[in-house]
Amino acid sequence: MATVTASTPALGSVRLNHLAALDVKGADAEKFLQGQTSAQVSLADGYFAPLTCFCTPKGRMLANAQLMRLGEDHYRLLLSNTLLDSLANHLKKFAAFYRAELTTYRDLIFIGASDEAQALADQLDIELPVQVGTHTNSDQACVLRYPGETARWLVCFDNDSQVDVASVQDDQAGRNAWQLEDIRSGLAWLTDTQQDHFLPQMLNWEALGGISFKKGCYTGQEVVARAHFRGQVKKRLMRISIETTTLPEVGASVVNGDDKAVGEVVVSAPDHQGGVELLAVMSTKVAEETMPLYLDGAPAILLPLPYAIERVDPEQLAVSLNG
């Protein structure tokens, strides 16, 4: 467990070194992705950036990502850098049958920005998108509007861009502030330690519009759809606070009063009061029944999520965003 040395600072601008990009280009790029991802790929129109995920044939998530269309026959997936190579290697097995080329990018600069986003956008000569889940592109950059209590944007550009990043934080405290906003948004990004472990619904992915139930087949689609329509999802992502001076390990157990494991930690970050907030995949019985919860002996308190646990179709999201 990592010790929390200070409360999380206010969100400014910070280098997000935990992210990477996987680009898919070619005449068959859309067709290829359509058969692999939970997103309706045609919805990625250069404005709307749908959430998506890639699954095993058994419906377990290999990675989750945000999908952007950067140009004709050019798509970009934003995901954890710990999953970049494994997802690329997995997809290359299928890409060989399509006119599609995969390129991994670790050296792109990713900056999470709030109040300082406009100044950064001005340097890159690009507009900030207004609506959550939308993006803007230019020859040298792309900017994605993220959810959160604080207005924030993810800015991505090449290493050789003439942008002054000297004032941008590059420390864990700044990244904790960004991660805390993800947690409060109920948004969990997989890492390599969680690969092939969760159904998408366990991370509330259909409540975030990350699963299209209207598209055709993709790898794992049958299992994901069956779990949804038969109501077989018995674990859900929940938000929790604990009064502690240490960050729990990924996978640490949340237990009930009988010391029985009822959930596991997915991601955590220090809060502004010197404690910790986290997202954990929990038994749905926790929400249905009043029970004491503990993590490493510290009392754990359930906190509300900013969305209802119900299906949100990305097709409807796209319509609402476009007007």
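## Briefing: core, pocket, cavity and a few residues to look at

Leaving out residues up to four places away in sequence, Gly-46 touches Arg-69, His-135 and Asn-137. This is a predicted model, and Gly-46 sits in its loop between α1 (29-34) and β4 (51-55).

**Around Gly-46 and His-74**

- Gly-46 counts as partly exposed, because its relative accessibility of 26% falls between the 20% and 50% cut-offs.
- Along the chain, Gly-46 and His-74 are 28 residues apart, and their C-alpha atoms are separated by 9.9 Å.
- His-74 belongs to strand β6, which covers residues 74-80.
- With a relative accessible area of 17%, His-74 is under the 20% cut-off and therefore counts as buried.
- The side chain of His-74 makes a polar contact of 2.8 Å with the side chain of Asp-23.
- Asp-23 also turns up among the residues that His-74 touches, along with Val-24, Lys-25, Met-68 and Arg-69, once residues up to four places away in sequence are set aside.
- Arg-69 is worth a click here: it is touched by His-74 and also by Gly-46.

**The nonpolar core**

- The largest nonpolar core is made up of 71 residues.
- Leu-22, Leu-33, Leu-79, Phe-110, Leu-154 and Leu-203 have the most contacts inside this core.
- Take Leu-33 as one of them: apart from neighbours within four places in sequence, Leu-33 is in contact with Val-24, Val-41, Phe-54, Leu-67, Tyr-75 and Leu-77.
- Val-24 links back to the previous topic, as it is in contact with Leu-33 and is touched by His-74.

**The second largest pocket**

- The volume of the second largest pocket is about 470 Å³.
- Its lining takes in 25 residues, and Leu-51, Val-132, Gly-133, Pro-147 and Leu-208 are the closest to the pocket centre.
- Three elements, β10 (141-146), α4 (172-184) and α7 (314-321), each give two or more residues to that lining.
- Helix α7 supplies the largest share, with three residues.
- Sorted by class, the pocket lining has 15 nonpolar, six polar and four charged residues.

**The cavity**

- There is one cavity of 30 Å³ or more.
- The volume of the largest cavity is about 40 Å³.
- Leu-19, Gln-66, Leu-78, Leu-79, Ser-80, Tyr-146 and Trp-189 form the lining of this cavity.
- Strand β6 gives the largest share of the cavity lining, three residues, and β6 is also the strand that holds His-74.

**Positive phi angles**

- Most residues other than glycine have a negative phi.
- Asp-125 has a positive phi, near 55°, and lies in the loop between α3 (117-124) and β9 (135-137).
- At 67% relative accessible area, Asp-125 is over the 50% cut-off, so it counts as exposed.
- Asn-204 also has a positive phi, near 60°, and is found in the loop between α4 and α5.
- Asn-204 is buried, because its relative accessibility is 0%, under the 20% cut-off.

- Glu-222 is part of helix α5 (residues 221-229).
- A relative accessible area of 58% puts Glu-222 over the 50% cut-off, so this residue is exposed.
- Glu-222 and Gly-59 are 163 residues apart in sequence, yet their C-alpha atoms are 7.7 Å apart in space.

Methods. Residues numbered from 1 in each chain as written. Predicted model: local features only at pLDDT ≥ 70, side-chain atom pairs only at ≥ 80, totals over all residues. Heavy atoms only, no water. Core = buried A, V, L, I, M, F, W, Y, C linked by side-chain atoms within 4.5 Å. Buried < 20%, exposed > 50% of the residue type's maximum accessible area, 1.4 Å probe, protein only. Contact = heavy atoms within 4.5 Å. Helix = DSSP H or I, 4+ residues; strand = E, 2+ residues; numbered from the N terminus. Polar contact = N/O pair within 3.5 Å; in protein donor to acceptor, adjacent residues only side chain to side chain. 1 Å grid on protein atoms, 1.4 Å probe; cavity = no way out; pocket = protein on both sides within 12 Å on 5 of 7 lines; lining within 4 Å. Points joined across faces, edges and corners; volume = space filled by probe spheres on them. Nonpolar A, V, L, I, M, F, W, Y, C, P; charged D, E, K, R; others polar.
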